Amino acid sequence: MSRVISILIVDDHTVVRDGLNALLSAEPGMKVVGMCGDGQQAVQLASELRPDVILLDLVMPKMDGVQATIEIRKVYPSARILVLTSFAENHQVFSAIKAGATGYLMKDTSSGELIQAIRDTYANRP
């Protein structure tokens, strides 16, 4: 892959953000361009940074992931949003997809699956 995929990490848990940052920063062809801990910040950073892929938690303070998805799509219509969640049965997953998220992953997914999902999301593959 010749182009570097820029990534925005959005999760209210610092350890999750830091872990994802460490993993993705070490991956050739990927660059974390921003991190934040709530949906309001996510909307602002998505608009400013225009990352290729946004990794977005669903359960966050100030603005949840579903509302953040809606707001991000307003300011950055071509955003590729990959939802990260701990709850497979959560109605918010369906709501996030309906709001414009590209896909979702469980937080217990393997690092290899996450990296492939980011590449697929960037390439607009399901």
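**Close-up 1. Asp-11 and its surroundings.** In this predicted model, the backbone nitrogen of His-13 lies 2.8 Å from a polar atom of the side chain of Asp-11, a polar contact being a pair of N or O atoms within 3.5 Å, where within protein one atom must be able to donate a hydrogen and the other to accept it, and where residues adjacent in sequence count only if both atoms are side-chain atoms. Asp-11 belongs to the loop between β1 and α1 (14-25); helices (H or I, at least four residues) and strands (E, at least two) are DSSP runs, numbered from the N terminus. With a relative accessible area of 1%, Asp-11 is buried, a word that stands for under 20% relative accessible area, while exposed stands for over 50% and partly exposed for values in between (1.4 Å probe, protein chains only). Leaving aside neighbours within four places in sequence, Asp-11 is in contact with Val-16, Arg-17, Cys-36, Gly-37, Asp-57, Met-60 and Lys-107, where contact means heavy atoms within 4.5 Å.

**Close-up 2. Helix α2 and what covers it.** In helix α2, which spans residues 39-49, the buried residues are Gly-39, Ala-42, Val-43, Leu-45 and Ala-46. Their cover includes the strands β1 (5-10), β2 (30-36) and β3 (53-57), together with the helix α3 (65-75). At the start of α2, a side-chain oxygen of Asp-38 reaches to within 2.9 Å of the backbone nitrogen of Gln-40, and just after α2, Arg-50 takes a positive phi of about 50°.

**Close-up 3. The buried side of helix α3.** Gly-65, Val-66, Ala-68, Thr-69 and Ile-72 are the residues to look for here, being buried in α3. They cover an arc of only 160° around the axis, so they lie on the same side of α3; the arc is that of the directions from the helix axis to the C-beta atoms. At the start of α3, the backbone nitrogen of Val-66 has a side-chain oxygen of Asp-64 within 3.1 Å.

**Close-up 4. The packing of α2 and α3.** The two helices α2 and α3 pack at an angle of about 20°, and their axes are 9 Å apart. That makes α2 roughly parallel to α3, since angles under 35 degrees count as roughly parallel, over 145 as roughly antiparallel, 65 to 115 as roughly perpendicular and the rest as oblique. Axes here are lines fitted to C-alpha atoms, for helices over the stretch in contact, and angles run from 0 to 180 degrees between N-to-C directions. Gly-39, Ala-42, Val-43, Ala-46 and Ser-47 of α2 meet Ala-68, Glu-71, Ile-72 and Val-75 of α3.

**Close-up 5. Asp-52 in the loop between α2 and β3.** Asp-52 is buried, with a relative accessible area of 10%. The side chains of Asp-52 and Arg-3 are joined by a polar contact of 2.6 Å, and a polar atom of the Asp-52 side chain also lies 2.8 Å from the backbone nitrogen of Ser-6.

**Notes on all views.** Residues are numbered from 1 along each chain as its sequence is written, and side-chain values use heavy atoms, with hydrogens and water left out. In this predicted model, local features need pLDDT of at least 70 and side-chain atom pairs count only at pLDDT 80 or more, whereas totals for chains, interfaces and linings use all residues.
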